[in-house]
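Q: Hey, can you walk me through this structure? I'd like to start with the ligand.

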Amino acid sequence: MTKFDINTKYRMNSGYEIPVLGYGVYQTPADIAEEVVAHGIKVGYRHIDSAVGYRNEETSVAGMLKSGIPRDQLFFTTKIPPGQLGYDNARKHVNDTLQKTGLDYVDLYLIHAPYGGRKGRLDAWKALVEAVEAGKVRSIGVSNYGVHHLEELEEYIKETDKNEGKGKGGVLSVNQVELHPWLARKDIVDWCKARGVILEAYSPIVRATRANDPLLVPLAKKYNKTTSQILLRWSLQMGFVPLPKSVTKSRIEENADIYDFELSEEDMKSLDTGVYEPCAWDPTTSRD
Ligand SMILES: NC(=O)c1ccc[n+]([C@@H]2O[C@H](COP(=O)([O-])OP(=O)(O)OC[C@H]3O[C@@H](n4cnc5c(N)ncnc54)[C@H](OP(=O)(O)O)[C@@H]3O)[C@@H](O)[C@H]2O)c1
């Protein structure tokens, strides 16, 4: 059996570790985030995925910290809002996050989406690199980047390292994209895996729209698991970091109970649908 448990971590290009299961808080109202995040931590999650745009950074962090678990065993991600790239905006968002949450540092800060043009993207990246140098952020990455956005960034990092000194261009640790059997994004996945960039899988249970899917139901029966658990296990076995979201305590627990079975190679293959069916937005294809 592939050795995973709720404490498994991957090492990122930054050198820091990331827990392989995250807990997403998109559309979690700020006034309940503290309670549901605290429940997630109680049942074993150590990694919270928020964003400035989710408007719940403050209460999510409060829920995470009230567990009393040492800060260095917890992992908090947030993101520069879509359409608000550029150097000044990015700098301001990093400082605002620290001020609002009271954290000394953010574990992972992402550019939420590539919208904003080449200059906007690269200037926001530069501000994130400086935030790492200043100790405000540990690791940095992107979200919703297609291969052409990733190549633009890689080229910038190489050029900057060449002109200003090694490391000055920053280190890309993560690309967070929608990933599940109906959107396996082989091009983006191959690009990231070849460079050690961690793939975080958002909407890993396809927003609960596939609960009765004929591909999943027999697998759920065979392994005595729910269809959500089959999808999360697929994500782990693909080498991704899934970020399921739920505000329902029983589901928060269900989504973390994925370490006592393994999908066979054949069953993994049966989920290789080859189709392109996003359930969320898809900025990876944007060309601006
Ligand atoms: N970077 C980006 O652009 C981006 C975009 C989307 C999402 N994300 C991140 O990824 C996280 C997850 O994505 P998502 O929220 O779009 O989709 P998701 O996790 O695939 O699905 C969440 C939905 O499924 C329901 N659900 C959760 N567990 C379930 C279970 N075991 N059985 C049945 N239903 C279940 C939830 O309901 P209840 O909450 O009512 O239980 C909620 O309606 C987000 O919270 C966010 O952190 C990032």
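A: A molecule sits in one if more than half of its atoms lie within 2 Å of its grid points. Here, the space taken by the ligand is the largest pocket. This is a predicted model, where local features need pLDDT of at least 70, side-chain atom pairs count only at pLDDT 80 or more, and totals for chains, interfaces and linings use all residues. Residues are numbered from 1 along each chain as its sequence is written, and side-chain values use heavy atoms, with hydrogens and water left out.

Q: Which polar atoms are by its oxygens and nitrogens?
A: A polar side-chain atom of Asn-144 is 2.9 Å from a ligand oxygen. For Asn-255, a polar side-chain atom lies 3.0 Å from a ligand nitrogen.

Q: New topic: how many salt bridges are there?
A: 20, with a salt bridge being a side-chain nitrogen of Lys or Arg within 4 Å of a carboxyl oxygen of Asp or Glu. One of them joins Lys-119 and Asp-123, at 2.6 Å from N to O.

Q: Where are Lys-119 and Asp-123?
A: In helix 4 (residues 117-133); they are four residues apart, so about one helical turn separates them.

Conventions:
A polar contact is a pair of N or O atoms within 3.5 Å; within protein, one must be able to donate a hydrogen and the other to accept it, and residues adjacent in sequence count only if both atoms are side-chain atoms. On a 1 Å grid over the protein atoms alone, a cavity is a set of points where a 1.4 Å probe fits but cannot get out, and a pocket is an open set with protein on both sides within 12 Å along at least five of seven lines; lining residues have an atom within 4 Å of a point. Helices (H or I, at least four residues) and strands (E, at least two) are DSSP runs, numbered from the N terminus.
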